Structures are given as C-alpha cells and as structure tokens.
Amino acid sequence: MKLPFIRSSVIALAIALPCVAADDIPPPDKTAGVDLQSPEVIAKGMEILNTTCGGYCHGTGGGGLKAPRLRNRDDLSPDSLHATISFGRKRGGKVMPPWKGTLSEQEIWTVIAAIVALRTAEPIAGGGAQSSNH
Amino acid sequence: MSGVLDRRLLVAATLGAIASTAIAAGVPEIENAAPGDWPSYHRTYDAHRYSPLTGITKSNVKRLSVAWVHQAGEITQGLQVTPLVVDGVIYYTASYNRVFAVDGRTGEEIWHYFPKIKDGVDKLPVGPYSRGVTVANGRVYIGTIDGRAIALDMKTGKPVWETQLVDTLKCGCMFTSPPLAVKDKVIFGSTQGGIPARGGGIFGLSQSTGEKVWYFDPVLEGEEHWGMNDFGESSAKYAGVGAWHVGSYDPKLDMIYYGTSNPSPWFDWAAPTDGPDGHLRKTGIGARPGDNLYSSSVLALRPDTGELVWYHQEHPHDDWDYDSTLGEFVLIDRGDRKLMVHQAKSGFVYVYDRTNGKIENVWTINKHVTFVKSINPKTGELIGRNPPSISKDAMFCPSMLGGRSWNAGSYNPDMGVWFNSRQEICEIAKVRPERPSLDPLPGWYAGADLQWVHPPGDTAHGAIDAWDPLTGKKLWSVHDKYPRISGILSTKGGLVFSSDMKGYVYAYDGRSGTELWRFNTGSGSRGGIISYMAGGEQYILVPSGIGSAAQAITASIYPEVADFPAGASLFAFKVPR
C-alpha cells in the first residue's frame with residue numbers, strides 16, 4: 001500500500017499507540033478544530049508535552065516524574081484535562097501552573113490528544129508519584 | 001579549575017579592603033549579633049547557623065512545649081523560610097513573597113506586606129516559594145518571584161524602594177532566597193540553572209536607594225569557555241547560570257563567597273574532553289563543549305564592586321545538575337588558617353583556604369557515589385567521570401536532588417562538629433540531543449528521560465550526621481526512611497534540632513545523636529529551625545509545611561510522600577516556667 005506523505009515518526013507512533021476508545025473523545029468542532037484521533041496531531045502533542053514542563057514534571061512520554069503519571073490512565077477525560085491544563089491545579093501545597101494564554105487553544109487540545117492516546121500505550125518503568133488525591 | 005588574580009593585586013586588594021572595612025559602615029545587627037537574635041539567614045556571616053543560647057538544655061528539653069503558632073495563610077509549596085529575629089520581632093516570608101513581622105513572645109502579627117506579583121509568573125517552573133528576607137539598618141529586604149528587589153521599613157512594613165533586576169518572563173529567572181546585607185550594599189543572587197536563558201547572576205545594590213551598583217554575569221565573565229553546540233550556535237546563548245542561594249561574608253578579608261548554579265541544558269550528550277591549560281576542550285560536539293565557566297563554581301567577590309578575587313569550579317562541564325550554589329559557606333578559623341567548608345550538590349564537601357581558594361581537602365557525605373570514581377582531595381579534579389549519554393540509560397549517584405539539598409547544616413564551634421543532612425537517592429538518565437527552546441516560555445529543559453531510583457544494593461533513605469567538617473570523620477548518624485530537608489539548628493545548650501518530611505521536629509544530644517524530644521507539627525519541614533530570645537525566654541522556632549521539588553522527587557520512589565499533608569505554619573516552642 002502506498003502511503004501518503006506522513007513522517008516516519010508519526011507512522012511509528014500510530015503503530016505504537018493503537019486507536020483509543022472514542023466514547024469520550026469530543027469531535028473537532030468541540031476542540032478548536034483539532035482532531036484528537038489524528039496520528040499527526042497525537043505526535044505533535046507528544047512533542048509539546050515532552051519539551052514543556054510536562055517533560056520534567058510528568059516525565060517523558062507521560063511516565064510520571066515529579067508530577068503524576070499521565071500514561072495508562074483511564075480516568076483523565078478530555079474535558080477534565082482541558083480544565084486542568086488551562087487553569088492549573090493546586091492540591092495541598094502542590095501546584096501545577098495554568099497554561100491558558102501560554103499555549104493556544106489548539107495547542108492545548110493537541111496535548112490532550114497525546115495524553116488520551118497514552119491510555120493504551122505500552123507501560124514504562126520508573127517514577128511517577130500517584131497521589132491518592134491527584 | 002581554579003583561578004586567582006595576580007597575587008600582587010590580591011595582596012594589595014586585601015590590605016586595602018581591611019583598611020576600608022575598618023572605616024565603612026556595616027550591618028550592626030549581623031556583625032554584632034546579640035545572642036538572642038537571629039539577624040541573618042545563617043544567623044551570622046560565617047554561616048554557622050548556631051545559637052549561643054543555653055536556656056534550653058539536654059535536661060529540660062523534654063519539657064519543650066508549644067508557645068504559639070502563626071499561620072502564613074498560603075500553603076503552596078509549603079513554608080521554606082528560615083525566619084529572622086531582631087529584638088524579639090520575627091521577620092519571615094511565605095510563598096508569593098508574603099512578608100510578616102510577628103511578636104516573638106505571642107505570635108501576634110505586627111504587620112504584613114503582600115506584594116502584587118506580576119501576571120504570568122505563576123506559569124514558570126520556579127517559585128512561588130521564598131526562603132526568607134534580610135534585615136539591615138532599619139530595613140527588610142526581599143527578592144521577589146517576579147524579579148524585583150524590594151526594601152521595606154522594618155517598623156511598618158511599608159515599601160521604601162523597589163528595583164526591577166531581571167525580566168522574569170523573558171529569562172525565567174527570579175529571586176527565591178534572601179539577599180545578603182554587607183556594609184552599605186545588599187547582594188542579590190538570581191535563580192537559573194536548567195532554564196536555557198541568560199539573565200541570571202549576582203547583583204550588588206545600594207541599601208539606601210536600591211540602585212544597582214554592580215552585576216556579575218557568570219556566563220559573560222567566562223564566555224570564552226562555552227563552545228559551539230551541534231546546532232551551530234554559541235552554547236553560551238542557552239547557558240542559564242544563576243546564583244540562587246545566600247552567600248557568606250568575611251569582614252576582615254572583605255570577601256563575599258557565592259556559589260553558582262549548574263549550566264543549561266541540564267545534560268550534555270557528549271562527554272567533555274581535556275583541552276589546553278587545564279581547561280576542557282571547547283571545540284567539539286555536544287550541547288556545550290568546554291568548562292562552561294563560571295557555572296557550578298565557588299566565587300570570592302568584593303562586595304563593593306563585584307570584582308572576582310578567586311574562583312574554583314567544582315564541577316567543570318557539569319553533567320548531573322550539580323550546582324555549587326545550594327550549599328552554605330561555613331567559615332572556620334583554625335589557628336592561622338582561614339578556612340571555608342562548602343557543601344556541593346554532588347555530596348562532596350570542599351575545604352578551602354578562603355583567602356585564595358586553595359583546596360585543603362575534599363570529602364563526601366554520601367555512601368553511594370558513582371558520578372565520578374573520586375575527586376582529588378588536593379586539587380578538586382574529578383577523576384573517572386561517569387556522565388549520562390544518549391546511547392544508554394546511565395545511572396548515577398547521587399541524583400539531581402543532590403547528596404544533600406539546599407537545607408543548611410549547623411556548625412557548633414564549641415564542639416568543632418558540623419551537623420548535616422544527607423540523602424541517598426540515585427538517578428537514571430538517557431540524554432536526548434535536542435536544541436533548547438524558550439518556546440512557549442522559559443521552562444525547565446530537562447533534555448533527558450529521567451527516573452529516580454534506589455541506590456544499587458540499598459534502599460533510598462536520608463539521615464542526619466555529625467562530622468568533623470575538615471576531615472570528614474563521621475561521629476554519629478541518625479537514619480530516616482526519607483530525606484531530611486529542613487535546616488538544622490545546633491545550640492550552646494548541646495542540642496541539635498532537625499525536622500522530617502512527615503512533620504516531626506526532633507531534639508538530639510549533640511554528642512551522641514540520642515533523641516531527647518520530638519513533636520508532631522502535622523506537616524513536614526522544608527525551612528530552617530532557629531532559636532531566639534523574647535521576653536527573657538529562649539524559644540525554638542520551627543517552620544512547618546512541606547513542599548518543593550524534593551518532596552515531589554522523593555514521592556516518585558516512595559509514593560506515600562505525595563500525600564503528606566501540606567501546611568505553612570510557624571511553631572514556637574519554649575520550656576514553660
């Protein structure tokens with residue numbers, strides 16, 4: 001089968017990250033035009049996640065580091081992710097800064113696409129404190 | 001690598017400085033600190049962090065009880081302060097640079113000052129914590145998380161002047177530690193280290209006007225030691241070197257001692273190679289070939305001008321996030337020898353001749369050390385470097401949390417013993433060779449896949465130890481499952497105080513480490529314990545309120561730490577009459 005112009009990294013990511021259940025994934029008209037199931041969008045979302053504080057706090061590939069693991073989580077809905085990423089979160093003494101205004105709406109939904117895709121990613125070893133009250 | 005200016009210039013400058021010190025006005029609260037005061041971050045310029053009070057003793061400490069509690073009202077990142085006390089009034093900061101003056105006898109607030117922090121700063125990865133203020137000549141000075149230096153009236157808390165020192169939203173740099181008041185200057189050291197932007201450094205301001213008198217840029221001054229990166233750019237562009245913690249001051253030598261942070265990016269994907277004249281080669285591959293001066297260095301500067309007198313780079317081309325700014329500079333005189341004991345983040349302790357930077361000894365507090373095979377105790381040379389790489393998951397100990405964190409130890413000059421915290425945690429890192437980016441904003445650029453892990457053949461743990469600071473001989477040790485991340489206090493009464501991550505504050509017998517008393521404050525401690533007098537009685541003051549990256553990193557090994565309760569309260573204890 002002849003593939004259209006798609007970067008090899010995107011292909012690799014699409015193979016590594018099987019399609020997630022579509023039950024709670026909003027359509028593009030609810031996500032600033034971003035298709036949360038597009039392999040290209042998911043790859044771009046991983047790039048933003050890894051190179052922003054997400055990479056140091058939540059670990060490369062969302063494996064968890066100083067901040068909770070994002071990988072293999074089935075309790076993070078796109079809407080709750082949007083609220084948390086946009087407005088930040090405080091839990092006791094811990095703080096996640098708000099990204100609204102720093103990331104555009106499209107970029108926020110692009111990152112969400114990556115986190116949702118990580119639901120079924122291969123588990124990885126390592127850090128990631130999972131607070132019982134995340 | 002070390003350096004000393006032309007020795008003739010050094011001698012002339014020193015003699016001149018001694019003469020000028022005799023004339024210049026100083027900071028009487030610090031230079032002639034009353035026994036019942038705690039007027040500076042480490043109490044005195046020599047950073048002993050030791051109280052000469054004897055009212056609380058090994059005999060009566062078991063009766064130590066809560067006298068009062070002051071709540072800071074803002075628990076984000078806990079309470080990381082070492083409070084100050086002058087004439088029975090406590091001056092301390094909480095997160096978001098909230099400053100309080102509190103009556104030391106009753107805990108009643110005298111005044112507070114809550115600066116309006118600029119929008120957008122909350123998006124940055126550093127802050128919003130504050131380690132304290134400094135007091136001098138009727139003023140309270142603070143560096144803020146949005147890059148300002150502010151002076152307040154000590155009696156009223158009203159602002160006197162304000163100076164914008166760094167563009168925080170552009171560089172990601174700010175002030176998280178108190179400045180140091182010296183003569184008529186107040187010295188501020190900014191954050192950086194890991195954020196790939198310039199702008200950090202050391203600033204000397206006028207106490208009376210806030211005018212910036214001098215600025216030491218640790219990268220500009222050493223720019224020739226930063227090579228081109230693999231993207232064809234000067235690596236100095238992303239250098240990100242700051243000096244974020246408090247220094248020390250020797251009034252007789254007229255030198256301030258400051259440490260600088262690690263460089264950026266955190267990890268390099270190419271190991272350094274030896275070059276000419278004892279420096280590392282600055283032509284080559286990688287993120288930042290060369291020594292990367294003056295990152296991870298100890299600097300001796302003139303407080304009036306910021307002139308560099310001598311330096312020693314403890315971690316040339318740092319590969320592990322080991323900066324030299326987090327440890328205090330403990331000044332110790334032994335006979336004719338004017339020494340300085342410095343805890344580096346690597347866990348190694350450097351003993352310097354503080355007149356000229358000559359190394360007298362280097363020893364480590366840690367059981368697990370794999371980032372190097374050893375360090376030459378006479379030259380400080382790193383032997384057998386073990387850097388992370390792109391080709392494998394390399395493990396190194398100690399982790400980027402350090403062999404010890406920035407919470408200071410305490411030196412008891414009567415005993416000649418240094419009480420210090422320690423942590424044994426290792427790290428796995430696999431470097432990603434990426435071009436640093438400041439987009440969308442200046443944040444931590446890790447540049448590696450990281451994990452924190454137990455040491456090989458051991459479990460991660462913490463401790464407090466008693467040491468001979470010059471030889472590294474250990475006298476006693478108290479083990480803890482978790483790192484101890486509070487500042488330690490020792491007293492003339494023979495006691496040592498330390499708090500743990502769960503919320504307990506302990507008093508130990510300084511001679512043996514035997515526990516004599518404990519109290520549960522309800523939240524772990526990240527700040528520094530102090531002692532002071534008010535109303536004729538001795539108090540022990542304990543900041544309670546866990547926070548910081550240390551908690552988060554420990555939680556990745558011991559998940560229960562993530563749920564340790566937060567807080568931000570000052571607990572004052574005394575022995576009831």
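## Exercises on a predicted two-chain model

Of chain B's 577 residues, 68% count as buried (under 20% relative accessible area; exposed is over 50%, partly exposed in between; 1.4 Å probe, protein chains only). This is a predicted model, where local features need pLDDT of at least 70, side-chain atom pairs count only at pLDDT 80 or more, and totals for chains, interfaces and linings use all residues. Residues are numbered from 1 along each chain as its sequence is written, and side-chain values use heavy atoms, with hydrogens and water left out.

**Exercise 1.** Work out how compact chain B is.

*Step 1.* Grab the radius of gyration, taken over C-alpha atoms: for chain B that's 22 Å.

*Step 2.* Get the reference from the globule rule, 2.2 Å times the number of residues to the power 0.38. For 577 residues the rule gives 25 Å.

*Step 3.* The two values are close, so chain B is as compact as a globular protein of that length.

**Exercise 2.** Find where confidence in chain A is lowest and where it's highest.

*Step 1.* Start with pLDDT, the predictor's confidence in each residue, from 0 to 100. Chain A averages 77, and 73% of its residues score at least 70.

*Step 2.* Go through the helices (DSSP runs of H or I, at least four residues, numbered from the N terminus).

Conventions. Chains lettered and ligands numbered in written order. Helix = DSSP H or I, 4+ residues; strand = E, 2+ residues; numbered from the N terminus.
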